[in-house]
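Good morning, everyone. Please look at the sequence and the structure on the screen while I speak.

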Amino acid sequence: MAGDPRWPAFARSYGFDPRRPVQWEVEALEPAELRRQVLAADAPYVDRDVLARQIAREEEQRRALAAFLDGWDRAGWTGPATCLKRV
């Protein structure tokens, strides 16, 4: 971050010493460790009730789409090319 004109403001915002630039190389972290750190940093800001409702809603949408596509498969529809041939 040395030489980056945004560094002093960033440093002040996050409690770093603006005179001592730091650098992080996240690609050096194991993926599992990076995931753990990101989730730990986000955890205080996540409303667990809202997250649970959203996950349930997305799972219901996934099931509905799977059932819809399964119905198409049972009807013998194989994709857009079949639809175009029927026109």
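This is a predicted model: local features need pLDDT of at least 70, side-chain atom pairs count only at pLDDT 80 or more; totals for chains, interfaces and linings use all residues.

The chain contains 4 helices and 0 strands, and from the N terminus its elements follow the order α-α-α-α. Of its 87 residues, 5% count as buried. The chain exposes about 7900 Å², and carbon and sulfur atoms supply 59% of that area.

Let us now consider the surface. Phe10, Tyr14, Trp24, Val26 and Leu29 make a nonpolar patch of about 510 Å². Phe10 is placed in helix H1, which covers residues 7-14.

I turn to charge. Side chains of opposite charge can pair when their charged atoms come close. The count for this model is 6 salt bridges. One of them joins Arg6 to Asp4, with 2.8 Å between the closest N and O atoms. Arg6 is exposed, at 62% relative accessible area, whereas Asp4 is partly exposed, at 23%.

In helix H3, residues 48-74, Arg62 and Glu59 are 3 residues apart, so about one helical turn separates them. Their salt bridge brings the closest N and O atoms to 2.7 Å. Arg63 also forms a salt bridge with Glu59, at 3.4 Å; these two residues lie 4 residues apart in helix H3, about one turn of the helix. Through shared partners, salt bridges link Glu59, Glu60, Arg62 and Arg63 into one network. Within that group, Arg62 is partly exposed at 47% relative accessible area, and Arg63 is partly exposed at 42%.

Methods
Residues are numbered from 1 along each chain as its sequence is written. Side-chain values use heavy atoms; hydrogens and water are left out. Patches are made of residues with over 30% relative accessible area and no salt bridge: like charges are joined within 9 Å, nonpolar side chains (Val, Leu, Ile, Met, Phe, Trp, Tyr) within 5 Å. Accessible areas come from the Shrake-Rupley method with a 1.4 Å probe; for residues, only the protein chains shown count as cover. A salt bridge is a side-chain nitrogen of Lys or Arg within 4 Å of a carboxyl oxygen of Asp or Glu. Buried means under 20% relative accessible area, exposed over 50%, partly exposed in between (1.4 Å probe, protein chains only).
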